[in-house]
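Student: I have a new model open and would like to go through it with you. Could you take my questions one at a time?

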Amino acid sequence: MHPIVSKSQLSPNVTRLVVEAARIAEIRRPGQFVIVRLGPGAERIPLTIADADPVTGTVSLVIQSVGKSTGDLVDLAPGDAIQDIAGPLGSPTELIEAGHAVCVGGGVGTAVVYPIAQELHRRGVRVTSVIGGRSREWVILEDQLRETGEVVTCTDDGSYGRHGFVTDALRDVLDAGGVDAVYAVGPVPMMRAVSELTRPYGVSTTVSLNAIMVDGTGMCGGCRVSIGGETRYACVDGPEFDGHQVDFKMLSDRLATYRTFEQEALERRDACKIGLRKPTGAAATEASAAPTAAEAAVGSETVR
């Protein structure tokens, strides 16, 4: 069991849980993730390791509540526990050793670029972070990123920072010259836009793919993506890839496969929470458990 040490709200639907996981905290590296299972019968959910403290033996998991299983996780309180946390999984981020790197985070994706920015800063790389959200309340981890370098904040509605998308701010940074690498994590359309923007500049661009994922070890094949026309598995070959080689259309299509099942699972959960109906027997089991691969497919967006 992995007790919850602390809980904080980063944005209206993004929660940070600090959880005891000493072995993972000792060896995790930027870009890696864990597979979390709340308890018996629950869905296996991939979550990025947003931070770790080897001294206290804890890891920070940043969770976007969008479905049944992520809702169950963010309902936890300090003193509660997660039964299983497997990891660290995935390949660590390939980081430059010198120069200027730009870390681009959209929404909850900012939690993924944060450990990347930390390690780049530790290596002596100049870091500029460009982060965004729909409005001010959706911008996360700004203060923490300022400890690694310059931060440019963007909001869609102009309520905070620069009015516009992260790609608008990134274009200005690229035009200024001297950028050696871009690391981008966020919604698929954002990562695709960043990759297309950096292509004519010839700047290396790494994106982290939130593919369908169940076991996290390459056995199920659910997380397959197309990179440069070849099949790769996000859980073992990634989750980070060259953004200029990613087939984003295929990724988007696969992420939408189980959207209807996910919505149904969320509706059952919400109905039970507010007491509209109280299932019993087999129905109760269905309402309390995740629909395995179906919800796992859409649950994989909780990685980013």
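Predicted model: local features only at pLDDT ≥ 70, side-chain atom pairs only at ≥ 80, totals over all residues.

Student: OK, and which residues make up α3, and how far does the helix reach from its first C-alpha to its last?

Tutor: Helix α3 covers residues 110–122, which is 13 residues, and its end-to-end C-alpha distance is 18 Å, close to the 18 Å expected at 1.5 Å a residue.

Student: Is α3 mostly covered or mostly open, and which of its residues are buried?

Tutor: The helix is mostly covered, with 10 of its 13 residues buried. Among them are Val112, Val113, Tyr114 and Ile116, and the buried set also includes Glu119 and Leu120.

Student: Switching to the sheet, what is the strand order?

Tutor: The order is β11-β10-β9-β8-β12-β13-β16, in an open sheet of seven strands with mixed pairing. Strands β11 (162–163) and β16 (240–242) stand at the edges with a single partner strand each, so one side of each has no neighbour in the sheet.

Student: How do β8 and β12 run relative to each other, and how many bridges join them?

Tutor: Strand β8 (residues 100–106) and strand β12 (residues 181–185) run parallel and are joined by five bridges. As one example, Val102 has Val182 in β12 as its bridge partner.

Student: Which helices pack on that sheet, and what do they touch?

Tutor: Helix α5 (residues 166–176) packs on the sheet and touches β8, β9, β10, β11 and β12, its direction making about 170° with that of β8. Helix α6 (residues 188–198) also packs on the sheet, where it touches β8, β12 and β13, and its direction makes about 165° with that of β12.

Student: Now Arg232: where is it, and is it buried or partly exposed?

Tutor: Arg232 is found in strand β15 (residues 230–233), and it counts as partly exposed because its relative accessibility is 31%.

Student: What does Arg232 touch, and which side chain does it meet in a polar contact?

Tutor: Leaving out residues up to four places away in sequence, Arg232 touches Cys223, Arg224, Val225, Ile227, Asp237 and Phe241. Its side chain also has a polar contact of 2.7 Å with the side chain of Glu230.

Key. Residues numbered from 1 in each chain as written. Heavy atoms only, no water. Pairing = 2+ DSSP bridges. Helix = DSSP H or I, 4+ residues; strand = E, 2+ residues; numbered from the N terminus. Contact = heavy atoms within 4.5 Å. Axes fitted to C-alpha atoms, helices over the stretch in contact; angles between N-to-C directions. Expected span 1.5 Å × (residues − 1). Buried < 20%, exposed > 50% of the residue type's maximum accessible area, 1.4 Å probe, protein only. Polar contact = N/O pair within 3.5 Å; in protein donor to acceptor, adjacent residues only side chain to side chain.
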